[in-house]
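Have a look at the model, then read on.

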Amino acid sequence: MPSRLSSAAQKDLLDGIVLRCQSFERKGGAPPLVVFDLDGTLMDNRPRTVAIMRELADAWETRDPSLALKLKTASPDDLLYLFGDSLRKMGISKPDLVAEGEAFWKERFFRDPHLVHDVALAGSVSFARDLYAAGATLVYLTGRDLPLMGIGTFQSLRDLGFPIGVAGTEFILKPDAAMPDEEFKRTLAPQLTRVGHVVAAFDNEPGNCNVFLDAYPTCTSVLVDTQMMPGPPPLSNRAHVIADFSR
Ligand SMILES: [Mg+2]
């Protein structure tokens, strides 16, 4: 994987994308597009899991007070990518208990109400706003699904201060939660030509970053190095790697 840019190089890369959108020559009226994934890219969703852990602690309180205390005091940095792995790291080893915890998490994590716990990644709101002001159309392209997470996601983007619900923004979700994210993005990416010209794309999954380089070889594809699914494919060496959106 290409190595993470220094903070100075990260600033140059991000500022350069804003400038490119500003000076973009619209051929036939097509606007410059910047595509953003949400979870692990514009937003940190680990506080959502922490909130669910607190609820799980309440549910397990009488059964196992010491376990409940561990769940209650966990912080985002204690979490591993998979919820079951986070439980095992806390010393919960009984498979039936892990399975019960995973089911509890799954019923809540992929639903509208808990999205209120998500926070913006450092610098992401001001970067999105600067791009928007520079004339870019922002495309929020997420693996969240429309039926169960559409309303909460719209609300979260609005409340965190991202441009949304205005001309020059697109909000695209998966039609069905069961579809794998990478397959969804691979199918969807070519359709963005009906919206404009993809200048840059940001994602925290190497496979999705590669999808954009395959569909739009001249775009700037950027991996936001937060969390990623275990066992990712190798990231193209044409992609850039940043820690967050600080400039
Ligand atoms: Mg993501």
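In which hand does α2 pass α3? The crossing of α2 past α3 is left-handed; a crossing gets that label if the near helix is turned anticlockwise from the far one by less than a right angle, and is right-handed if clockwise.

## Before we dig in

What you're looking at is a predicted model, where local features need pLDDT of at least 70, side-chain atom pairs count only at pLDDT 80 or more, and totals for chains, interfaces and linings use all residues. Residues are numbered from 1 along each chain as its sequence is written.

Helices (H or I, at least four residues) and strands (E, at least two) are DSSP runs, numbered from the N terminus.

## Two domains

The chain splits into domain 1 (7-44 + 119-242) and domain 2 (46-116), with bounds that come from an automatic or database domain assignment. Taken over C-alpha atoms, their centres are 29 Å apart.

Where the two meet, domain 1 puts in 12 residues and domain 2 puts in 9 residues. Contact here means that the C-beta atoms of two residues, placed from the backbone, lie within 7 Å. On the domain 1 side, helix α7 (residues 146-160) gives the largest share, 6 residues. That side of domain 1 divides into 7 nonpolar, 4 polar and 1 charged. For these classes, Ala, Val, Leu, Ile, Met, Phe, Trp, Tyr, Cys and Pro count as nonpolar, Asp, Glu, Lys and Arg as charged, and the others, Gly among them, as polar.

## Back to α2 and its neighbours

Helix α2 (residues 46-60) packs against helix α3 (residues 65-72) at an angle of about 165°, with the axes 8 Å apart. That makes α2 roughly antiparallel to α3. Axes are lines fitted to C-alpha atoms, for helices over the stretch in contact, and angles run from 0 to 180 degrees between N-to-C directions. Angles under 35 degrees count as roughly parallel, over 145 as roughly antiparallel, 65 to 115 as roughly perpendicular and the rest as oblique. From α2 come Met53, Arg54, Leu56, Ala57 and Trp60, which meet Leu67, Ala68, Leu71 and Lys72 of α3. Sorted by class, the contact of α2 with α3 holds 7 nonpolar, no polar and 2 charged residues.

Helix α5 (residues 95-109) also meets α2: their axes come within 10 Å and cross at roughly 130°. α2 and α5 are therefore oblique to each other, and their crossing is right-handed. Here Arg48, Thr49, Ile52, Leu56 and Ala59 of α2 meet Gly101, Phe104, Trp105, Arg108 and Phe109 of α5. The contact of α2 with α5 has 6 nonpolar, 2 polar and 2 charged residues.

## The sheet

Next up is an open sheet of 6 strands, in the order β5-β4-β1-β6-β7-β8, with parallel pairing. Two strands pair if DSSP finds at least two bridges between them. β5 (169-174) and β8 (240-242) are at the edges with a single partner strand each, so one side of each has no neighbour in the sheet. From one strand to the next, the twist averages 20°.

Strand β4 (residues 137-145) pairs with β5 in the parallel sense over 5 bridges, and Asp145 stands opposite Lys174 in β5. Helix α1 (residues 7-22) packs on the sheet and touches β1 (32-36), β6 (197-203), β7 (220-224) and β8, its direction making about 150° with that of β6. α7 packs on the sheet too, touching β4 and β5, and its direction makes about 140° with that of β4.

## One more helix pair

Helix α8 (residues 181-188) and helix α9 (residues 206-215) pack at about 15°, with axes 10 Å apart. That makes α8 roughly parallel to α9, and α8 passes α9 in a right-handed crossing. Asp181, Glu182, Lys185 and Arg186 of α8 make the contact with Gly207, Asn208 and Val211 of α9. These residues divide into 1 nonpolar, 2 polar and 4 charged.
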